[in-house]
Amino acid sequence: MHTKHIFSHHHHVITPPKKKAVDMTQGNITRHIISFSLPLLVGNIFQQLYNTVDTWVVGNFVSNEAFSAVGTVGPIVNMLIGFFMGLSSGAGVVISQNYGARRFDDVEKAVHTSIVTTLILGVLFTFIGLGMTPLMLQLMNTPDNVLPESTAYLRIYFSGILGLMIYNIGAGILRAVGDSQRPFYYLVVCAVMNTVLDLLFVIVFKMGVQGVALATILSQATSAILVIIALLRTDECIKLRLSQLRIHWNVLKKIFLVGIPAAIQMAITAFSNIFVQSYINFFGSDCMSGWTAYAKIDQLLFLPMQSIALAATTFVGQNLGCNQIDRAKKGIGKALLIATSATVILMIPVIIFARPVVSFFNDKPEVIEYGAMLLAWLTPFYVLCCFNQILSGAMRGAGITRAPMVIMLSSFVVFRQVYLFIMSRICNEIIPIAMSYPAGWLLCSAITMIYYHKVNLGKNRLVDDNY
C-alpha cells in the first residue's frame, strides 16, 4: 500500500472516511458487493417506475398513440442519458481510486471538476436535445399519428434534462466513496413525487403527454437539489465548496480518459436502438406497443446485473487505488456469481407469467400476443449479459475503458445492424428480427471474457504514484 501519500501536501484538513462512505479495501467482499448493490438495485427499480408509471398513466388515461409515443422515445432519451452516465462513470473511477489510495485532496479536486463540467454539459445537452428532436423522430420512422405526441414529450423532457444530469453526477460521487444509500433515498422521493404529479397532471388537469413529461422533469429537479444539499452539508472529502468550483485540467483529463470511451459506447448503443426501433415500427402500432411492454420488463431484468456491475466498478477502483489486485479479482468473481444467480431467479417468473405482465401495460389482445411472444423468446438469454456487464464494469473500475467500448460497439452496433439488414431481407418476421439482441449479447460476452483473461488489471491505475 502507498502509505507515503496519506501525508502528502494538502490544502484542506484531510477528512478520514466517515460512516456514510464505505472503505471497500478491507472486510468481507460478498457483503460489500451486496450491500452496495441493493440500494442501487432498489433505486434503479424506482427510476424505472418513473417511466413505467408514465407509460401506464398514458396507456390507460390518454390514448394508444400517446402510449406508443412515450414508449418509443426511449432510445432517444437513453442516448443522451447514456452518454452522460458514461462520462460520469469516469468521475466515479477517478474518485474511487484516489479514495482507495487515501488521496483525499485529489478526491476533492475531482468532485469540483465534475460538478462544473456537468453544469456546462447540461446547458449544451438541453440545446442539442431540443434541436435534434425532429431529426431523431424521423430516423425512427415514427408514424404520423404518434409524431405530435412524441415531439411534445421530448421537447419538455429535454428542457429539464439538467436536473437529471446533476442528480446522476452527484449520485456517482457519493457511490464512488461507497455510499449508495443516499442516492437511493433521493430516488425514492423522486419516484413518489413523479407518480403523484403524473396522476394530478394527466387525470385531474387533462394535460396528456405534456403532463407526463412535466411530472418527470420536476421530480428530477427535486432529486438534483437533494443530492447537491447532501454534498454541501457533508464533512467528508467529497464536500462541495462553492468557492472551490473550478476545472482542474489534469483531473478532467483523467475523468475523460475513462469517461469518454464509456460515454461513446453507451450513447452509440442507445443510438443504434433507434434503428432497431425502426425495424420494429415496420410491423405496425400493435407490435410497437407489444415491444414497448417487453422493453419495460427488459429494463427490470437488466437492473440486478447493472447494479452489481456498478458495485464491481467501485470495488475494483478502490482496491486498485491501494494496489490490492488479488482482492479486486476476487471481488469480480463474486460479483459474477451474484449477478448470474439473481438473473436466473428473476427470469423464471417472467417466462411463466409473460401474458399477465404484458396485459398490465396494455390489455389489447394483439398487443399481449406480441409482448408475450417476445418475452418467451428473449428472456432465457439474459444470463449471457451478466458476463459482459460485470467484466466491463470491473475493467472500467481499473481505468480500462477503450477495449470494452470497442467490444460492445462491435457486438451491439456493427454486428447487430448487419444481422438486422440481412435478416429483414431473408425473413421479415418479428422473432428473427428481435433475436438480434441475444445474438449480440452472445458475441459480446464471448469476446469480453477472452479479453478480460488476457488483460493486466493493475496497469491502468489513475492514481499518481509520483509527486
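At what angle do the axes of helix H6 (residues 161-176) and helix H8 (residues 208-233) cross, and within what distance do they come? I started my notes with this pair, keeping in mind that the model is predicted.

**Entry 1: H6 and H8**

I looked up the axes of H6 and H8 and found that they cross at roughly 35° and come within 8 Å. I noted the crossing of H6 past H8 as left-handed. From H6, I listed Gly163, Leu164, Ile166, Tyr167, Gly170, Ala171, Ile173 and Leu174 as the residues that meet H8. Their partners in H8 are Gln220, Ala221, Ser223, Ala224, Val227, Ile228 and Leu231. Sorted by class, this contact holds 11 nonpolar and four polar residues, with no charged ones.

**Entry 2: the whole chain**

I then stepped back to the protein chain, where I counted 17 helices and zero strands. For 467 residues, a compact globule would have a radius of gyration near 23 Å; the chain has 22 Å, so the two agree. The C-alpha trace spans about 65 × 50 × 35 Å along its principal axes. I found 59% of the 467 residues counted as buried. I also checked contacts with a separation of 6 or more, and 85% of them join residues 24 or more positions apart.

**Entry 3: H14 against H17**

Next I took helix H14 (residues 382-397) and helix H17 (residues 436-454). Their axes lie 8 Å apart and the packing angle is about 40°. H14 and H17 are therefore oblique to each other. I recorded a left-handed crossing for H14 past H17. On the H14 side, the contact uses Tyr382, Leu384, Cys385, Phe387, Asn388, Leu391, Ser392 and Met395. On the H17 side I listed Pro438, Trp441, Leu442, Cys444, Ser445, Thr448, Met449, Tyr451 and Tyr452. The class count for H14 with H17 is 13 nonpolar, four polar and no charged residues.

**Entry 4: Cys444**

Is Cys444 buried or exposed? I found a relative accessible area of 0%, so Cys444 is buried. Cys444 lies in helix H17. Setting aside neighbours within four places in sequence, I found Cys444 in contact with Asn388, Ile407, Met408, Ser411 and Phe412. Asn388 is also among the H14 residues that make the contact with H17. Phe412 is 32 residues from Cys444 along the chain, and I read 7.5 Å between their C-alpha atoms.

**Entry 5: H11 against H14**

H14 also packs with H11, so I looked up that pair, with an angle of about 150° and axes 9 Å apart. That angle makes H11 roughly antiparallel to H14, since the cut-off for that term is over 145 degrees. I noted a right-handed crossing for H11 past H14. In H11, the residues that meet H14 are Ile332, Ala335, Leu336, Ala339, Thr340, Thr343, Val344 and Met347. In H14, they are Tyr382, Val383, Cys386, Phe387, Ile390, Leu391 and Ala394.

Arg102 lies in the loop between helix H3 (74-100) and helix H4 (104-139). With a relative accessible area of 14%, Arg102 is buried, because the term covers values under 20%.

Asn323 is another residue other than glycine with a positive phi, near 65°. I placed Asn323 in the loop between helix H10 (285-321) and helix H11 (325-352). Asn323 has a relative accessible area of 35% and is partly exposed.

**Entry 6: Arg155**

Last, I checked Arg155, which is in helix H5 (residues 147-159). I found 37% relative accessibility, so Arg155 counts as partly exposed. Which residues does Arg155 touch, not counting those up to four places away in sequence? I found Leu130 and Pro134. I also looked up Thr126, 29 residues from Arg155 along the chain, and noted 9.4 Å between the C-alpha atoms of the two.

Conventions:
Residues are numbered from 1 along each chain as its sequence is written. This is a predicted model: local features need pLDDT of at least 70, side-chain atom pairs count only at pLDDT 80 or more; totals for chains, interfaces and linings use all residues. Side-chain values use heavy atoms; hydrogens and water are left out. Axes are lines fitted to C-alpha atoms, for helices over the stretch in contact, and angles run from 0 to 180 degrees between N-to-C directions. Helices (H or I, at least four residues) and strands (E, at least two) are DSSP runs, numbered from the N terminus. Angles under 35 degrees count as roughly parallel, over 145 as roughly antiparallel, 65 to 115 as roughly perpendicular and the rest as oblique. A crossing is left-handed if the near helix is turned anticlockwise from the far one by less than a right angle, and right-handed if clockwise. Contact means heavy atoms within 4.5 Å. Ala, Val, Leu, Ile, Met, Phe, Trp, Tyr, Cys and Pro count as nonpolar, Asp, Glu, Lys and Arg as charged, and the others, Gly among them, as polar. The radius of gyration is taken over C-alpha atoms; the globule rule is 2.2 Å times the number of residues to the power 0.38. Buried means under 20% relative accessible area, exposed over 50%, partly exposed in between (1.4 Å probe, protein chains only).
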